[in-house]
Amino acid sequence: MTVTESGSNEVTVPEGHVAFSIDGVSMTAEKGTLIIRAAEQLGIEIPRFCDHPLLDPVAACRMCLVEIEGQPKPQPACAIPVGDNMVVRTQRTSKVADDAQKGVMEFLLLNHPLDCPICDKGGECPLQNQAMSAGRAESRFEGSKRTFPKPINVSAQILLDRERCVSCARCTRFADEIAGDAFIDLLERGAQQQVGISEDTPFDSYFSGNTVQICPVGALTNARYRFRARPFDLVSVPTVCEHCASGCSLRTDVRRGEVQRRLAGDEPEINEEWNCDKGRFAFPYLTEDRITHPLVRDDNGDLRTASWPEALGMAADALTAAVGSAAVLTGGRLTSEDAFAYSKFARTILQTDNVDFRARPHSAEEADFLRSVVAGSEGPTYTDLQSAPAVVLVAFEPEDESPIVFLRLRKAVTKGTTKVYAVAPWASPGLSKLGATVLAAGPGQEIQALAGSEDVMQALRQPGAVLMVGERAATAPGLLSWAAQTAADTGARLAWVPRRAGERGALEAGLLPGMAPAAWGELAAGVGFPGVIEALVTAAEPEEALVPVPDPEAPESASTEVVPVEDEEPEPPFRALVLAGFDPRDVPDGAALVEGFAQVPTVIALATHHNDATRAADIVFPVAAVTEKAGSFIDWEGRRRPFPQVFRESLILSDAGVLAAIADEMLQDFGPADPIALRAEASTAQPATRPDRPSVAGAGARETSAGEAVLSTWRQLVDDGSMQAGEPYLAATARPAVVRIGPANAADLGISDGDPVTLTGTTGSVTLPALITDMPAGVVWAPGNSGANLVADLGVTSGDTVRVSVGRTS
Amino acid sequence: MPLTPVITAHWDQPDSFTLEGYRRNGGYSALAKAFEMGPDAVIATVKDSGLRGRGGAGFPTGLKWSFVPQNDGKPHYLVVNADESEPGACKDIPIMLANPHALIEGIIIASYAIRADHAFVYIRGEVPHVIRRMHAAVREARAAGYIGDNIAGSGFNLNLVVHSGAGAYICGEETALLDSLEGRRGQPRLKPPFPAVAGLYACPTVVNNVETIANVPYIVNNGVDWFRSFGTEKSPGFKVFAVSGHVQRPGIYEAPLGIPMAELLEYAGGVREGHELKFWLPGGSSVPMLTAEHLDLPLTYEAMAEAGSMLGTGTPMVFDETTSVVRAVTGWLDFYKHESCGKCTPCREGNWFIHDLLHRFDQGRGRSDQLVVLDNVCGQILGRSFCALGDAAATPFPSAMKYFADEFEAGTTTPSSVAFDPAASTVFSEVKA
Ligand SMILES: Cc1cc2nc3c(=O)[nH]c(=O)nc-3n(C[C@H](O)[C@H](O)[C@H](O)COP(=O)(O)O)c2cc1C
Ligand code: SF4
Ligand code: SF4
Ligand code: SF4
Ligand code: FES
């Protein structure tokens, strides 16, 4: 942009730009710039309702009318690009424009209920504000207003007050253009025009909350925030979402020590101005059922409240005794600073390399992949996705697992020329909305499908192509090796997209065996989740099992000799376990792990909420939730997303704070535990990474016998996740849990849509309605944690075989 | 000026609407000629003829056709606007009833010219008899090989679909029509892009009125000079005028453009027996009204514009002294309020406002200061709405005030039904008297 004083003719117009003037100020701007945007650059605000910089113009509200020299009628600034030598006059210098705007404002208020005192938007309402700046003080309308019954639900979460609607079509355009969920539309005509849904299809979009945020009036509200606060009573803090690895900027609005609502922050390079409903609405967990005091196990074996000094002292004693024989297991939701604190605490104080953050199905191949290819890598970024000629998705369902990746891909596809390919068992709604070319493949068949597709390989060879793998790839042997090799071969950029916000940060903090910075000294090679669980299970093996079983065929009289049981206490597999924000229901064999606690003298859990692990631990410390501490997450791009402490007055210690306090009690020097110091330290203590890529061969799909199928599964965005607790409105918008099954297998079983199908794994089963879906034979799909947690309740994950039966099991 | 029946020439024949009737009178002979000329020559001919769109705006038809990009690799479409929903307009419906094959022949020629192999006729949904007749005519034409592949050995293929609307005035607006045709809710689209560049299914599309297209075979057959021998320089040709209202013989009168209203009125037998003209509208409720002083003006696009009105659809409505202007204007606003699509604020809300105020005057409850508000509100709609429907809604009141301010003043005390007996302006008033 170039701006010169009025009258001067010395504007040089760069290539592809045009010169024009607004209110007498000459300027240049890129061709195609809309008048309203150009005026903004000058600091001239033209009032508007339907205009939104990220939506296509509609020029419907007519609020932004300006005068353009040579045009007989005032023109909508939001829809007309600046032209060469165009002379534009806004309401500031043109009576025509000012009159036009005042007229439109009078019209907008005509049928508006003006119930600002009971409207959630009151105080932050563009209609209120612009009525002040562009409206007349008195209404000349004396007739009766159009009325509608007050709010109706367009979904469980979103409510619509049609009287307040100004028909700007921002919400409907968002749903259609951005989310691709055109579940709301304008209906009827004239003053009866209203937003609505079709009878049986509520506005159950993962992105529905954005419409509330961009509605320029109080027509759209959400059940979560409705009637809860006044904007002027709220304190807004820019924060970052803790749910997934998309890395959204949020705005957290608080009042009296409680989060009232969360909004999408404006982050052009990441989430633009959008976010998902989980990030927006799933925050009641922050206050519900928190662990508030340290707990220790008493003589009766019950957990009792303890003072901090007592609990810290006990923990210090136990850990001092466990130096060199401990393991530190974390969930995937730590801030990168806290993750670094655990990494450092394990290595420097507990002298162990037994660490792991992958509280989910994982593999040794994955650990190698993460250490060699992902750790320390930079990009690709959202911007790279948008400019990529092709993006290939492997074991990754962006709409469910990283919604902002989905939105950016959709933008790349709808506004640009990006082509999306996905290897997946079925064309999910998300993939369909991306117009993705789906290579149908069940778990284990991915490599064959990808490598066998000349289109995909060609696409990957285009400069700028991106290969995205999800965390689920760990469950398909060889897939991550293939991805790393293929990226190297084709030149495609490789992105690993975990589901949880803290995983990438934990990786960068070295929370995997073999990743301790050299400065922390030599340590024996450690084990992660699988090693720890195996050690515990082995140790727990009942001694009777070692006893030869009597041969039932043998004659009664033949006596069997029993091996004498050793009296000496065996050395425990670990002298202490430290568990951080870890829920055993997330990992395969989590129940065995908890059972194995019996083999460990001291289990210490740091957590915000209780779960099977905290309930079985010996010492429990409460830690700060994301609003009670500062920190950062590292998103899937590898970009640091720092956030401040929302509740500055909170005294709850962060994980790092608790670790430092324990270290103090151990008379060990942990160093400062504040996030800034930890971040600085982490930047100099680079974790060791292993140079070699994994090279595991693909195993192909698992063999199944009659009545069995290979399970494909991922977690839906809105599901039974513990951080979505306490938000029934969000939960009610979740996609229904179904078992998807191919037509041939359905025919074999004699079932049709809606019939109950039972999937049985190694430890349990789940019954869900069938949904016959075009997918490879021998594969079934079920959501990972909707109704049943497949890992915890069935003991299966993607790629495992399950028994498939019709109807309910008794 | 004599009447010049061309499109209406054979309507007195009982089978004018059949393929046979049409052919007997020379129908489908322009087709061969057009195929011989080649598409570009057809466009040039229509351009040279000066034919202007009969849908209301009078846009030069040949020019519109020439905007369609050629060799762009995209399908092209011709869409015939047969939504005719303007109050007072009744010319396209009779054309389709009595001479559907002229329309079909015009469609084939126009499609050939703009390289469209798919054409649509979008007919308002309230006229099932007309829709049936068009379907029958298309069936006949298809059977005779005028529609389908390799028409008359020309190598030109055309499919023609008759589509029925669902009852919305706005779907006559060309871009709303296209949305409706695509299966969406009919609301006008933001222009540019214009339909000629991105119309139906985002492909180059020409939207023309029924009468416009029905002119085409006659122009191709008889030539530019013949066509220009009717009408004026700026308004060449003839027009299917539909005269309605308080006249002796309401109906269709095809005459050269430029015929004065007084003469047309004579053809229609003059104003009702014993009554005198109060006001008239040259082309539907959307154009400003005129009075007796304008009767001698030629009915051309340019003369009507100069008089402060518009030729519009060229379907004059005549009102005699029994008519309450207030009631007439209020009635039109009932229509516009009902038909506003709701997309833009000035028309959606402005109509609600005008409607409320006008009803006060109609009921004798108005206040003088509200006349200023009314005028003001119309000014806040005119030129600020998204499409021409808003402008149309803002037209009746100011134009009525220009000539009949006193009647609105009277509306501050006297209901229109008291000032003007509603029965007196009905067709059956004489029967009663
Ligand atoms: C509200 C509205 C209704 C219209 N209705 C019709 C109609 O019923 N028939 C028609 O031919 N044109 C109608 N038009 C005009 C069309 O938008 C368009 O200008 C016309 O179909 C072009 O055809 P022409 O160039 O042959 O006149 C309408 C315009 C508006 C704004
Ligand atoms: S509900 Fe809000 S966003 Fe949607 S059209 Fe109405 S005013 Fe606009
Ligand atoms: S997309 Fe991910 S980061 Fe963004 S709001 Fe949703 S859960 Fe949070
Ligand atoms: S003027 Fe506006 S509301 Fe009226 S019909 Fe046109 S677009 Fe719809
Ligand atoms: S903001 Fe320009 S018309 Fe609505």
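1. A few ground rules to begin with. Residues are numbered from 1 along each chain as its sequence is written, and chains are lettered from A and ligands numbered from 1 in the order in which they are written. As this is a predicted model, local features need pLDDT of at least 70 and side-chain atom pairs count only at pLDDT 80 or more, while totals for chains, interfaces and linings use all residues.

2. Start with ligand 1. Its shell has 24 residues, and B:Gly53, B:Gly55, B:Gly172, B:Asn209 and B:Thr212 come nearest (near a molecule: C-beta atom, placed from the backbone, within 6 Å of it). By class there are 8 nonpolar, 10 polar and 6 charged residues (nonpolar is Ala, Val, Leu, Ile, Met, Phe, Trp, Tyr, Cys and Pro; charged is Asp, Glu, Lys and Arg; the others, Gly among them, are polar).

3. Where does ligand 1 lie? Domain 1 (19–222) and domain 3 (325–432) of chain B both give residues to its shell, so ligand 1 lies between them (domain bounds come from an automatic or database domain assignment). Strand 4 (205–209) of chain B gives the most, with 3 residues, and helix 15 (388–393) of chain B supplies at least two. Helices (H or I, at least four residues) and strands (E, at least two) are DSSP runs, numbered from the N terminus.

4. Now helix 13 (345–362) of chain B: its 18 residues reach 25 Å from first C-alpha to last, close to the 26 Å expected (1.5 Å times one less than the number of residues). Since 15 of the 18 are buried, helix 13 is largely enclosed by the rest of the structure (buried: 20 or more other C-beta atoms within 10 Å of its own, C-beta atoms being placed from the backbone). B:Gly364, with a positive phi near 75 degrees, follows this helix.

5. Over in chain A, helix 16 (479–490) has buried residues too, including A:Leu479, A:Trp482 and A:Ala487. After the helix comes A:Gly491, with a positive phi near 85 degrees.

6. Last, strand 13 (249–255) of chain A, where 5 of 7 residues are buried. Strand 13 runs antiparallel to strand 12 (235–240) of chain A, joined by 6 bridges, and A:Pro238 stands opposite A:Arg251. Another 6 bridges join strand 13 to strand 14 (258–264) of chain A, also antiparallel, and A:Arg255 has A:Glu258 as its bridge partner. The hairpin of strands 13 and 14 of chain A has 2 residues between the strands, and A:Arg256 takes a positive phi near 45 degrees there.

Technical notes: Buried ≥ 20, exposed ≤ 12 C-beta atoms within 10 Å, placed from the backbone. Pairing = 2+ DSSP bridges.
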